[in-house]
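Please look through the sequence and the model before going on to the points below.

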Amino acid sequence: RQAREEQEMPLARRDAETLCHEEPQTGNPYLEDALLRSYLRTHLPPGPRAAGAPLFASQVLEEVHQELERFGNRLLSQVKPLGWECELNPPVFRQYDAWGQRQDQIITCSAWRRIKGIAAEEGLIAEAYERRFSNWSRLYQAVKLYLFSSFSGGFNCPLAMTDGAAKVIESLGVPGSLKSAFEHLTTRDPEKFWTSGQWMTERRGGSDVASGTETVASKQPDGTYLLHGFKWFTSAADSDMALTLARIADAEGQVKQGSSGLSLFFLRVRDEAGRLNNIQVQRLKDKLGTRQMATAELWLCGARAALVSAEGRGVASISSMLNISRIHNVIGAVASMRRMLSLSREYAGRRVAFGKLLKDHPLHMQTIARMEVQTRGAFLLLMEVVRLLGLAETNKASEQEQLLLRLLVPVAKLYTGKQASAVAIEAMESFGGQGYMEDTGLPAIVRDTLVLSIWEGTTNVLSLDVLRSLSKSQGQVMAATFSTVQKKLEGASSRPELEGAVKRMREALGSLMQFMQEAASRGALTTELAARDFSYSIARIYAGALLLEHAARPDASSADICAAQRWCNQELCPVAAGLGSGSYEAKAALADSALVYEGS
């Protein structure tokens, strides 16, 4: 009788039923990342350590392995739950107290502050500056940040700016006035560790700091400066210090416009008593993603600061900082791709649809495999950039390697930012409706990923930066690129299963060379219109060479070989196709405007 009544009872009157899907359970992110582990086995050099040399011998790989396995366990047990708590408890702004006194207090949750301590303990900044692994120290730091990023609750962003500030100070020779700041930025002591902001964006916004910076610096009798201005977008506004640009006023109160009028300043955000340094917080920004991190609009009302750069050399002084923050952007992009892919892959082994597991549906696995290929290419591009940076920082980089670094930083940043957005959205779709549910955590990863093509230079801005690298080096960066790619292709050509991929890569390389020859005779408009496709072509060709190099190893897996083959099956040189179709001609530019503004 009871069973009959239940059958007759309308669904609306039955007890609520819960969803019966299994949550994907990923393990230690280091141990589950086969590509990362194979890369480290291949590239960390073996052999005995020379007397007096830094620890970097046969025992280094084992030490790194043990450290990363331990770190991966800590990410799961400590950082992951703290990161989710940061997502649930974003910062709040308390402008006044109950009695009307202005406080301008940015309140962050305890989990945010605990992650800051863990970042210090793990040496996530210190690793790059202690250089205990010589030129591989920067790569080791990048690997830890790559593992950390997706679990960090957004704390990877303050670390990017902190690393950039430390790099600027180091590039200046760590002057006495900044020695204490450098030690705070690079310490492993949580009680002493500082994070830094980068206060560059003002009311006009964007990457054009030369015309957009209005902040004025007035020199004081004691040699310090008072800054007056409005900073429209200051990430990690709860940081301990900041680097910022301003124009120095002369005796008549006049300032010099343009980039040559900008100087770089260091300031403490608060004094020892916790009082703001003549700074007023106008509001916190209401962002699509990275909500865990406080981003604010700030008024500098006579903030006391110290001149860091030579007068008028502010833009030049922040170039090293931009390189570091762009590399961190690449780290975040590749990390988000790997995290979403790991979750999607694990879910495919649990979710049953149409009578079988998702992993048993060929079309579903094809979709995930395509994301895997993109993630592998992006990962190897990241590793190449940080490998080159490590060589440059230890004065071991050849001229060719320095040229490659100059080109690949903007190329990797712009390309992986686009890749990450596409992979994150595709991976979210692989969960069906569950992917759209906030409490799964998947929408948060997607939101945080979407900013990666915007921060530290949009795709178009960085594409033009790629062109500048060609112009300033008189084409040497491309000569270095062609030479390096050709060498990698030669190494892979001995593997019969890679023959077709190597052939397609050589054809793409030839097409890129031909484009450069033809574009040189067509003028600046053609070059500008082709900038994005040109940058994509470099990224695809160089990443393809790295995948082929990895697949040509004696112990390469079948997955390594398959990934290289599939990468090389895509359009490797889109700029050649664009040139052939007339997309970069003057009439195409006119048609672009007419198409966009028809009827307006």
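In which sense do strand 5 and strand 9 pair, and over how many bridges? Strand 5 (residues 225–234) and strand 9 (residues 296–307) are paired in the antiparallel sense, over 8 bridges. Strands pair here if DSSP finds at least two bridges between them; helices (H or I, at least four residues) and strands (E, at least two) are DSSP runs, numbered from the N terminus.

This is a predicted model, in which local features need pLDDT of at least 70 and side-chain atom pairs count only at pLDDT 80 or more, while totals for chains, interfaces and linings use all residues. Residues are numbered from 1 along each chain as its sequence is written, and side-chain values use heavy atoms, with hydrogens and water left out.

**Confidence**
- The protein chain has an average pLDDT (the predictor's confidence in each residue, from 0 to 100) of 93, and 94% of the residues score at least 70.
- Over residues 47–52 pLDDT stays under 50, and the model has 8 contacts (heavy atoms within 4.5 Å) for them beyond four places in sequence.

**Strands around strand 9**
- Lys-231 stands opposite Leu-298 in strand 9, and Val-281 also stands opposite Leu-298.
- Strand 8 (residues 279–284) pairs with strand 9 in the antiparallel sense over 5 bridges.
- Strand 7 (residues 262–268) pairs with strand 9 over 2 bridges, again antiparallel, and Phe-265 is opposite Leu-307.

**A hairpin**
- Strand 1 (residues 92–96) and strand 2 (residues 102–107) pair in the antiparallel sense over 4 bridges, with Arg-102 as the bridge partner of Tyr-96.
- The two strands form a hairpin with 5 residues between them, and Gly-100 in the turn has a positive phi of about 85°.

- Axes are lines fitted to C-alpha atoms, for helices over the stretch in contact, and angles run from 0 to 180 degrees between N-to-C directions.
- The axes of helix 6 (residues 137–149) and helix 11 (residues 319–348) come within 8 Å and cross at roughly 45°, which makes helix 6 oblique to helix 11.
- Among the residues that meet are Leu-145 and Tyr-146 in helix 6 and Ile-331 and Val-334 in helix 11.

Note on methods:
Parallel < 35°, antiparallel > 145°, perpendicular 65-115°, else oblique.
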